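Please look at the sequence and the model below before reading on.

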Amino acid sequence: MSRARIQFSMSDRKNAVLLVVNDGYSYRHVSNLLGISEVMVRRWTGCYRIHGTSGLSYKSARHCSISYKCTVVEDILNNHLSLHQASFKYLLSPSSIRNWLKSYEKFGKESFSKKRIRGMKKSKSCCPEPLPERSYQGLLKENLRLRAENDYLKKLAALIRQEEKKRTGKSR
C-alpha cells in the first residue's frame, strides 16, 4: 500500500518554516501542528536558512545538466559534504544526490552522459575487460595454492582436536 504524495504550496512551506525560525517551535511540534512530516520541516528550514524564500522550492533533478551533476558530486567529494548539506546547498532532494553519487562512484563522469532506461542491461563497455591469459593462469595457480593451504589448516585443526580428546579422555 503506497501513500499518495502530498504537494505543499509555497505558503504552506513558508508558514512551517517561520513557525520554527521566528516563533521558536520545534520541528516535531510544527510537523504535528500542520500534519507535515518532520523530515520535510527540517529540509525546508535548512534550505530557508541558506537561500531564504527561494530555498523553499526544489529543483527537479531530471532537468539538471551533466556538468551540473558533476559539479554537485565533485563538491560533495572534495568538501566532504553530507547528503543533507548538499541538499540544502543545491536545493535538490537527498535521494537524487545519493543516486548521482552511487552512479558516479560506479561508472565515473560517463554515468551522467549515457541515458539508460530502467531495466535495460548496461552495455558491455561498462563491464571490466577480461584478464590477459598469463594473469588468468597466475590466478589459477594462486587458487590451487590457497586450496592446499586451507586443506592443510583443516587437517591440522582436526589433529589438534583429536589430541585434546585423547588428553581429556586419559585425565578422567
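This is a predicted model: local features need pLDDT of at least 70, side-chain atom pairs count only at pLDDT 80 or more; totals for chains, interfaces and linings use all residues.

Residues are numbered from 1 along each chain as its sequence is written, and side-chain values use heavy atoms, with hydrogens and water left out.

In soluble globular proteins, nonpolar side chains tend to be buried together. A nonpolar core is a set of buried Ala, Val, Leu, Ile, Met, Phe, Trp, Tyr and Cys residues joined through side-chain atoms within 4.5 Å. Buried means under 20% relative accessible area, exposed over 50%, and partly exposed in between (1.4 Å probe, protein chains only). The largest nonpolar core here has 13 residues, and Val72, Val73, Ile76, Leu92, Ile97, Trp100 and Phe112 have the most contacts inside it. Two or more of its residues come from each of helix 4 (66-79), helix 5 (83-90) and helix 6 (94-107). Helices are DSSP runs (H or I, at least four residues), numbered from the N terminus. A separate second core has 10 residues, among them Ala16, Val20, Val30 and Val41.

Two packed helices are described by the angle between their axes and the distance between the axes. Axes are lines fitted to C-alpha atoms, for helices over the stretch in contact, and angles run from 0 to 180 degrees between N-to-C directions. The axes of helix 4 and helix 5 come within 10 Å and cross at roughly 135°. Helix 4 is therefore oblique to helix 5. Angles under 35 degrees count as roughly parallel, over 145 as roughly antiparallel, 65 to 115 as roughly perpendicular and the rest as oblique. In this contact (heavy atoms within 4.5 Å), Tyr68, Thr71, Val72, Asp75 and Ile76 of helix 4 meet Ala86, Lys89 and Tyr90 of helix 5.

Helix 5 also packs on helix 6, at an angle of about 115° with the axes 9 Å apart, so helix 5 is roughly perpendicular to helix 6. Leu83, His84, Ala86 and Ser87 of helix 5 make this contact with Pro94, Ile97, Arg98 and Leu101 of helix 6.

Most residues other than glycine have a negative phi. His80, in the loop between helix 4 and helix 5, has a positive phi near 55°. Leu91, in the loop between helix 5 and helix 6, also has a positive phi, of about 55°. His80 counts as exposed because its relative accessibility is 69%, whereas Leu91, at 10%, counts as buried.
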